[in-house]
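Let's work through a few exercises together, with the structure open beside you. Try each task before you read its solution.

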Amino acid sequence: MSQRQYCLPDLLRDWPWIRDISPYYPKAKKESSEWVTSFHPFDTRGQRRFDACDLNLLASLTYSRRSEEFVRAGCDLMNFYFVYDEYTDVSDPKVARELANIVTNVMKNPEDEYSTKYSTNNTHLLGDMTRQFWKRATALAKPGSPCFKHFIDTSEAYLLAVTREAEDRANHTVRSVEDYLHLRRDTCGARPTLALIEFGLNLSEDVTSNPVVASLREAAVDLIILVNDMHSYTREISCGLASHNIITPIMRDYNLDLQSALEWLGTYTDGVVSKFLSNLTQVPSFDDQDLEERLWTYVDGLGQWVRGNDDWSCEGKRYYGDDGLIIKKTRLISVEPRWGNYLRLQEMASSGEETPSPALITDPIEVPAQAKEDGMSEAKDPGSGFSSPTLPLRDFVLQMEVRTWWSWIIDGVMVKSALMRLPPWKIQN
């Protein structure tokens with residue numbers, strides 16, 4: 001292995017969901033891409049690179065079994081989120097807060113023409129994008145459905161968390177693994193993304209708040225984070241955003257180099273996968289067959305989102321450019337400069353400024369003396385957050401390493417039994 005080549009763990013090697021793409025992908029991609037371009041969020045070069053990321057593919061791989069209208073709304077949401085991220089990634093905390101308020105106000109008051117106003121009294125494109133997306137999304141469910149409140153509440157938490165991320169960036173703050181995950185569960189946007197799965201399923205609050213269902217949802221959120229951060233690490237170095245990526249706190253908290261941090265991430269992810277699959281066998285049953293089918297459509301959506309996110313990370317060009325499919329096969333990456341933030345590149349091009357080479361962080365990150373005194377290096381064992389299995393991370397790692405082949409077969413039978421409760425057209429071969 002060369003000096004700057006590293007092996008990515010296969011985080012989803014035991015995941016029972018397989019790649020599945022919506023048949024509506026070509027049409028939804030065309031329509032949603034034209035919709036984004038109509039707002040002119042980037043210059044020509046930035047838009048071309050944004051289009052290469054193909055967020056429509058992400059939506060089509062993750063909402064793959066839903067209707068044509070649903071997939072189109074999913075494409076719009078993914079495109080919106082990434083445009084929003086590009087704008088807030090270069091914003092100071094004050095601007096980030098103002099953008100968050102615009103988006104939140106539009107969802108809460110979609111008919112208010114002043115809700116999209118920016119500080120300059122101009123209408124901001126993010127407000128207009130939100131209004132049009134929300135009109136399309138709300139048509140997917142009955143008026144007054146609980147899913148609307150779930151989406152708005154989790155979206156507001158996401159927007160506020162992105163503001164805190166901007167504050168961390170301005171203050172050059174690197175959180176501990178535990179503190180990072182607490183914030184990242186909102187900044188990643190996974191909670192509202194998964195809330196969209198509820199649209200059209202007419203699930204009551206009692207069903208979606210069931211402890212097992214809630215635990216499945218939160219495990220799916222964590223898996224989306226872990227997969228995303230692994231794949232996005234090299235790009236975020238190029239953008240100067242690696243401090244908000246779990247690899248950096250892992251390296252710092254546990255004094256690990258990059259390869260060891262990736263291995264740590266793999267072991268930690270094994271625990272989250274185990275937790276999800278364990279809870280999958282405990283999904284509640286109902287006498288109402290229609291309700292049970294709708295619930296399992298939701299659970300299936302959680303599982304497919306986790307798988308589709310990993311597939312898109314290699315098939316789209318956001319993280320690995322043209323090398324994604326090769327990396328998916330070999331699991332080997334080279335830490336090298338990649339495309340940075342489109343708006344920052346646009347500003348540099350306009351001013352004639354050369355794009356600087358990013359700092360490539362591959363060695364253990366030293367914790368400043370003051371941080372050690374403040375207890376920042378004493379991160380709580382992140383494995384202690386698992387409710388199933390209830391083991392400290394180190395003990396859990398040992399247990400995972402000594403498990404015999406027959407115990408995996410028993411687990412497989414239990415998971416297969418749970419998956420058989422999916423409606424027949426959803427079962428994967």
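Contact here means heavy atoms within 4.5 Å. Keep in mind that this is a predicted model.

**Exercise 1. List the buried residues of helix α8 and find which helices they pack against.**

Step 1. Start with the helix itself: α8 covers residues 177–187. Its buried residues are V177, Y180, L181, L183, R184, D186 and T187.

Step 2. Now look for their partners. The buried residues of α8 pack against α7 (146–170), α9 (190–195), α11, α12 (247–253) and α13 (258–280).

Step 3. Finish by checking what comes just after α8: there, G189 takes a positive phi of about 75°.

**Exercise 2. Decide whether helices α4 and α5 are roughly parallel or roughly antiparallel, and describe their contact.**

Step 1. Find the two helices: α4 spans residues 68–89 and α5 spans residues 93–108. They pack at an angle of about 155°, and their axes are 10 Å apart.

Step 2. Apply the cut-off: angles over 145 degrees count as roughly antiparallel. Therefore α4 and α5 are roughly antiparallel to each other. Their crossing is right-handed.

Step 3. Pick out the residues that meet. From α4 come F80, Y84, Y87 and T88, and from α5 come A96, L99, A100 and V103. Sorted by class, this contact of α4 with α5 has seven nonpolar residues, one polar and no charged ones.

**Exercise 3. Follow Y84 into the largest nonpolar core.**

Step 1. The largest nonpolar core has 110 residues, and Y84 is among those with the most contacts inside it, along with F151, F199 and F276. Helix α11 (residues 211–239) gives this core its largest share, 14 residues.

Step 2. List the neighbours of Y84, leaving out residues up to four places away in sequence. Y84 touches A96, L99, A100, V103, L126, Y158, L159 and V162.

**Exercise 4. Work out whether A242 is buried or exposed, and what surrounds it.**

Step 1. Locate A242 in the loop between α11 and α12.

Step 2. Use the cut-off for buried, which is under 20% relative accessible area. A242 has 7% relative accessibility, so A242 counts as buried.

Step 3. Set aside neighbours within four places in sequence, and A242 is in contact with Y233, E236, I237 and T248.

Notes
Residues numbered from 1 in each chain as written. Predicted model: local features only at pLDDT ≥ 70, side-chain atom pairs only at ≥ 80, totals over all residues. Heavy atoms only, no water. Core = buried A, V, L, I, M, F, W, Y, C linked by side-chain atoms within 4.5 Å. Buried < 20%, exposed > 50% of the residue type's maximum accessible area, 1.4 Å probe, protein only. Helix = DSSP H or I, 4+ residues; strand = E, 2+ residues; numbered from the N terminus. Axes fitted to C-alpha atoms, helices over the stretch in contact; angles between N-to-C directions. Parallel < 35°, antiparallel > 145°, perpendicular 65-115°, else oblique. Left-handed = near helix turned anticlockwise from the far one by under 90°. Nonpolar A, V, L, I, M, F, W, Y, C, P; charged D, E, K, R; others polar.
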